[in-house]
Each structure stands twice: as structure tokens, then as C-alpha cells.
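Here's a quick briefing to read with the model open beside you. Take it one topic at a time.

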Amino acid sequence: MTIRSYLIWLSLLAWLGIPSSLMASPQTPIGNVVLTEDTVWSGTITIDGVVVVGRKATLTITPGTTILFKRRDVNHDGVGDSEIRVLGGVIAQGSAKQPIVFKSAETKPAPKDWSYLLIFTSGKKNRIEYCQFHDAFSGLQVHFSTALVQDCLFSHNLEGIRFGRAKLTLRHCLINENHIGVRFTRMEGPVEIQYNEINNNQVGIFLVPSGQNIVDFFEPGRTGKPWNEGHLDISANNIRMNSDYNLKLGAKQLWDLKITNNWWGIVTRADIRQTLFDQHRDPDLGRAIIEPTAPQTIVDAGIRQLPANHHATK
Amino acid sequence: MITRLLSLIFVGLMLIQNNVCDACVGRTLYVGTLQSNEGKVMSEMLALLINERTGTSIQIRSFETSEQLYTALKSTKEEERVDIIVEDTAQALSIAQQKAGTSPDQDFIAVKAFYEKELNVVWLNPFGYTANSTQPSISAPLIRKDVLTNFPLLPRVLNKLAGAINDKAFQALKKALDAGDKPKNVAKDFLKKQKLI
């Protein structure tokens, strides 16, 4: 059975609310299972495969919980298959002293060891607070859902966080040492990205419309005003020291984007421009409108009461 | 009867949901190459350009023989398929079992038509160099039609390399490889110098 067909049957079970007989004790790895009722996780949970949170269920994860993902790559695409797919709801509220940790179960962990915590077509208000994501393809993905993500650490993933059409607030997070820190694929919202510390990634923020739409729903020409006004607010962040670019517009991002009042780690406009990939590099792309910039470091950015064992660039 | 109908509707909905989900969460594309230095650097070039400009995950799969490469180009199995390759018109004429025409441009038109009709593979615009084999030939990226359907943006991205690598530039790439530089580094340096990434 292919992974896709397996997921289809798991999703079907989740949709219909049919209980699964594959539940395991916390000591035994959980995999290829549908949670059909409200579930609480604590302690250490090991996942080997796909865990689907069914439409009627909410997964609550208590402070101090560690969730380990075993690496398995059945289709040899270079990405570990273990994941949590939330169709119902998820409440993961750690604390500064007791964060919730999502990471690889491998002895030599590496980015892409596991897929992601995916919130997909959830009808509930999801909360992800004081969580840490490591070693994933994407630590967290949110699509067609509502989520509050705050005081989280995304580090050593291929992508820290990716989202598409979503009602999302991302604030007070530390996003560092990923290939891509933040990836946004829809430019629709409302989305607020504020008071985050985004540093030492290869690319800090990557704004790239999906290249997989068969039908292009975007308007055919540039309108002359910023595309994101009123539904995408990226402000009051420290976006700095990302090795390739602090901000990159991907192919098909043809419209200007307003991304003002952020601190880019440097003062002069010409130097800041060197850290951006937009129309100045490729005439096909839109412009990143960054002025006015913040005059200095946003002191309130990043995780509030950061755990003592992690060093943030301040 | 009603139960069966409802089940079918649910399965249909979930199929749609999972396909949509694939598009959102990201799918891996596979670039296929033979194990030559030239093949490696050009496949790295495509992989880097696609990944850097679209964020799509790319994996390069190497093959010992052209037969293995073309088998993968026809495969639908995730674990063995390739979606994109680099090919030149001389090799393509051999695959198509056709004789060379009076010019490389004529060969390009001939193999482009053959590949599209017989192999469901589309030739994009040529890179520009003509000196990759013992007779003059044209090299270009090739994409499966089914991939093109799901990733309509790819030609726009890959065509940024159209005409960007002339014979002199290609010889410089080969020289760097002969000096021991890694294909990925050589490709990345070239793309950065061209301001493509």
C-alpha cells in the first residue's frame, strides 16, 4: 500500500470517527493511528509513522512533554515520513520552564528526520505555545486553519514554519539555524508575524506563492499597491544575519509587498538591500517595501523568558 | 445503497483533500542524471535553481546507463521515478533511432516532437552550449508532461537558464570540475554570478 493510499484510509477513518485498534501505551511507539477522541499526551511519546487527529478530537499536550519521531522513509524521497496530522484540534501549551519538545528520535538527528506537525482544514482554534521544533522537514505547517503560535523555538529544521491560507498569529518566536526560517505560500490571511527573532537561517523569510496551482487565481497584472496590505502584517521583527538572504520573494511573487518597521541588523539602506531578493535582483519579481525600518533592535522580540539552555542572538 | 454512495463520496472527498494537502505541504521532485561530471553539474544547476526560486524539494538520482535513466523517466513509482533530466540532441537522436539532420536546430525540432509524442516529455529552451559531445549538439532540460501539469511554473523558472550557458561558460564549468571542485559548488557559484539565485 502506498503512503498516499494509506493516508487516505487513515483520513477516512478519522472523518467517519471509526475507532482505531492501533493505540499504544506511551512506552510503545505510536504510528499509523487515528485519534478519534479527545486525547492528552504527557511524558515521552515516540511516533513511528503517521498520527492523525480526527475531526472530532482535540489533542492536548501538557507542559514538559517530549515527542520523538522515528525516521522512516518508505518512498525514498529523502524526508522522514513520521508526522502528526491534525484535522481536529491541537492545544500544545508548554511553559518557559517546561517547553514541549518535538524532535527526532535518532541518535544522530538531522533536518528532515520527520515530516511535520501539520494543522490542516481544522475548524478549531489551535494554540502552539512554548514548543520547540527540531530536525523536521517543516517544524509546523498550518493550512486552511486558525492557529496562535507564540514563544516557540524552531531550530535545525529544513523549514522552521510553513503556512498557506490560514488565520495565523506568529509572535515572540525564535527561528534560527534552519534552511528556511518562515515560508508563506499564499499571501492571504489574516496573518500577523510580529516580535519574532529570525536569525542565522540560510533564508530568513521566504514568500513564495505555490507553484503547483493548475489554475492561477492571482490577478493578471501588478496593481501598483502592495499586495498584502490588510491581510499580511510582518512588522516589529528582528530579521538578521541570515546567510543567503534575510527576505526572499519566490518565483511568481510578482506583486509588491509591504514589510515595514523591522530591524534588519544593519542601518544603511544599500546594505539592507543586499540581504533581500526581490525586484532589485530579478525584474520579474515584486518589490519588498521595507521603509520605514526599525532604527534599532526590537528588544521585545523573541521568546519571552527563553529557556536557559538556548542562546539567542540579541 | 445509500451507505455505499456515502462511502464513495467520503473517499472522493478524502482523495481531493489529500491531493490538495500534497500541494500545500510540499512534494519532492527528482532530477535524473548519468554519472558524468557534466551530468552532475547540470543536474545540480537545475536542482538549485528550482529549489531556490520555488522552495520545492529536489532530490538528484544518478544512473549508470542511459537505459536506466529512461526507465526511471517513465516510472510512476515514487521510489524510482525521475521528473526532470538534461539531454542533448545527439543522444536524443540515438534514443529516437533517427538520423542527424543538416543542423543542430533541425535535430532539436525533430527530437522535441518525438519526445513529446512518444515519451510524454517536453523539451524546454536550450542552455546555449553546443560542445558537450563529439558532434555539435544542443542541450536542454526535459520535463515529464505529468509534472508540467502539476508544476506549471517550472518552465518559467528553468527557462531563466535559456541561452545563459554558452560554450565558453560550459568549458569553464568543466574546468572547475576537472580541478576537483564539487558539482554542487560549481553550479551554485555559476548561478550566483549570473544573479539567478
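On a 1 Å grid over the protein atoms alone, a pocket is an open set of points where a 1.4 Å probe fits, with protein on both sides within 12 Å along at least five of seven lines, and lining residues have an atom within 4 Å of a point. A volume is the space filled by probe spheres set on the points, with grid points joined across faces, edges and corners.

This is a predicted model, where local features need pLDDT of at least 70, side-chain atom pairs count only at pLDDT 80 or more, and totals for chains, interfaces and linings use all residues. Residues are numbered from 1 along each chain as its sequence is written, chains are lettered from A and ligands numbered from 1 in the order in which they are written, and side-chain values use heavy atoms, leaving out hydrogens and water.

**The second largest pocket**

- The second largest pocket holds about 500 Å³ of space.
- Its lining has 23 residues, and those nearest the centre are A:Lys112, B:Leu48, B:Asn51, B:Ile58 and B:Lys184.
- At least two lining residues each come from strand 19 (180-184) of chain A and from helix 2, strand 2 (57-63) and helix 9 (183-193) of chain B. Helices (H or I, at least four residues) and strands (E, at least two) are DSSP runs, numbered from the N terminus.
- Helix 2 of chain B gives the largest share of this lining, five residues.
- Sorted by class, the lining has eight nonpolar, seven polar and eight charged residues. Here Ala, Val, Leu, Ile, Met, Phe, Trp, Tyr, Cys and Pro count as nonpolar, Asp, Glu, Lys and Arg as charged, and the others, Gly among them, as polar.

**Helix 2 of chain B and its partners**

- Helix 2 of chain B packs against helix 9 of chain B at about 55 degrees, with the axes 8 Å apart. Axes are lines fitted to C-alpha atoms, for helices over the stretch in contact, and angles run from 0 to 180 degrees between N-to-C directions.
- These two helices, helix 2 and helix 9 of chain B, are therefore oblique to each other. Angles under 35 degrees count as roughly parallel, over 145 as roughly antiparallel, 65 to 115 as roughly perpendicular and the rest as oblique.
- On the helix 2 side of chain B, the residues touching helix 9 include B:Leu48 and B:Met45, and on the helix 9 side they include B:Lys184 and B:Phe190. Contact means heavy atoms within 4.5 Å.
- That contact of helix 2 with helix 9 of chain B has nine nonpolar, no polar and four charged residues.
- Helix 2 (residues 37-54) also crosses helix 8 (residues 167-178) of chain B, at roughly 110 degrees and with axes that come within 10 Å.
- That makes helix 2 of chain B roughly perpendicular to helix 8 of chain B.
- Six nonpolar, one polar and three charged residues make up the contact between helix 2 and helix 8 of chain B.

**Two backbone details in chain A**

- Most residues other than glycine have a negative phi, and most peptide bonds are trans.
- What kind of peptide bond joins A:Glu291 and A:Pro292? The bond is cis, with omega about 0 degrees.
- A:Pro292 sits in the segment after strand 28 (288-289) of chain A.
- A:His76 has a positive phi, near 55 degrees, and lies in the loop between strand 6 (66-69) and strand 7 (83-86) of chain A.
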